Amino acid sequence: MLSRLNQLTRHFSPFSSPHSLASALSTPFLASRSTPAMTSAKSKTIHTAACLIIGDEVLGGKTVDTNSAYLAKFCFSLGIQLKRVEVIPDDEEDIMEAVQRMSDRYDFVVTSGGIGPTHDDITYSSIAKAFNLKLKLHQPSFERMKRLSRPHPMQPNFDWNTPSPGLTAKLRMVELPHDPALPAEPQALFVSEDLWVPIAVVNGNVHILPGVPRLFENLLKNLKPLLVPRLEDPEGKGTFRFMFSTPLPESAVAPFLTELAERVAPKGVKVGSYPRWGKKRNTVTLVGADKAYLESLVDEVEKTVQGKKVDREDELDNPDAKDEVFSQ
């Protein structure tokens with residue numbers, strides 16, 4: 001599957017020429033960002049999230065997953081608690097089990113990978129089966145694909161109107177899970193004007209994204225305006241992380257951090273301690289949504305851990321000093 005990244009990027013990528021760019025911009029945008037049907041679908045507040053990475057190539061060590069890390073930062077910035085990340089193979093039963101479980105337990109579920117044109121891209125079909133749905137050609141996606149995807153130089157005779165194995169392969173990417181009991185618009189979201197690929201939405205909270213990192217990040221970033229109104233904090237203040245650099249070993253700060261964690265838990269604050277192996281300073285963190293309350297704890301934490309609030313873990317490291325290994 002790794003060998004298909006360039007192919008998928010070409011399939012999903014924006015305009016191949018200035019003419020196609022002009023044509024696309026002059027064509028009405030097909031996204032349904034403001035339709036009542038979409039805004040009402042699964043409109044409960046988003047508190048929690050889960051990420052499902054699908055791909056044999058990740059488990060086989062052929063490629064490194066960066067999409068879960070991007071999603072983690074994305075959720076953190078919005079104040080959404082990312083509760084779970086799983087990596088599974090291109091296996092129908094595994095996909096069905098994981099996506100059913102995640103959809104049931106979490107408010108916002110994102111899948112990555114397995115929606116290309118080849119035989120092992122089974123994410124759409126597996127997720128459809130998980131929710132007793134059928135695949136249906138999504139005509140708006142197909143029209144956008146024809147308009148925005150780049151022609152491959154090794155397919156000089158390809159014709160969108162002539163049946164062929166190549167066309168059949170492309171159609172696999174626009175045959176989406178479809179629930180006939182629901183409006184069509186909220187089941188396939190176009191969030192980026194320069195990409196034809198939609199975000200398929202199943203069971204109201206499962207969002208199916210491609211595994212190519214550039215595309216994954218682009219689509220997720222542009223999905224943000226649709227998520228913000230459903231956040232516990234619609235103003236999008238997100239979550240804050242305060243870091244403290246301390247010269248003390250973890251064992252020395254552990255009693256205080258244990259007491260502090262119990263005291264601030266009712267305020268939704270989490271306390272963390274992270275050793276920096278081979279360095280002279282360790283890191284203590286406070287994470288929460290109430291910035292003013294976090295700020296009220298700074299003096300106490302700095303004094304007790306004999307440290308200082310920093311923006312980067314290595315901020316107080318001495319680049320000229322040779323680090324030594326200290327016990328924790």
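How many nonpolar, polar and charged residues are there in the lining of the largest pocket? I will come to that after a word on the chain.

What you see is a predicted model. The chain has 328 residues, and 43% of them are buried. Its secondary structure consists of 13 helices and 12 strands. Take the contacts between residues at least 6 apart in sequence: 76% of these join residues at least 24 apart. The accessible surface is about 16,800 Å², with 52% of that belonging to carbon and sulfur atoms.

Rolling a probe the size of a water molecule over the atoms shows where empty space is left. Here, the largest pocket holds about 870 Å³ of space. Its lining is made up of 33 residues, and those closest to the centre are F76, Q81, T239, V287 and G288. Five elements are listed as giving two or more residues to this lining: helix α5 (67-78), and the strands β2 (81-88), β9 (240-246), β10 (270-274) and β11 (282-288). Back to the opening question: by class, the lining has 14 nonpolar residues, 10 polar ones and nine charged ones.

Helix α8 covers residues 139-148, and its buried residues are S141, F142, R144, M145 and L148. Where do the buried residues of α8 fall, seen down the axis? They lie within an arc of 165 degrees, so they line one face of the helix. As background, an α-helix has 3.6 residues a turn, so residues three or four places apart point the same way.

Technical notes
Residues numbered from 1 in each chain as written. Predicted model: local features only at pLDDT ≥ 70, side-chain atom pairs only at ≥ 80, totals over all residues. Heavy atoms only, no water. 1 Å grid on protein atoms, 1.4 Å probe; cavity = no way out; pocket = protein on both sides within 12 Å on 5 of 7 lines; lining within 4 Å. Points joined across faces, edges and corners; volume = space filled by probe spheres on them. Helix = DSSP H or I, 4+ residues; strand = E, 2+ residues; numbered from the N terminus. Nonpolar A, V, L, I, M, F, W, Y, C, P; charged D, E, K, R; others polar. Buried < 20%, exposed > 50% of the residue type's maximum accessible area, 1.4 Å probe, protein only. Contact = heavy atoms within 4.5 Å. Areas by Shrake-Rupley, 256 points an atom, 1.4 Å probe, with all protein chains shown as cover. Arc of directions from axis to C-beta.
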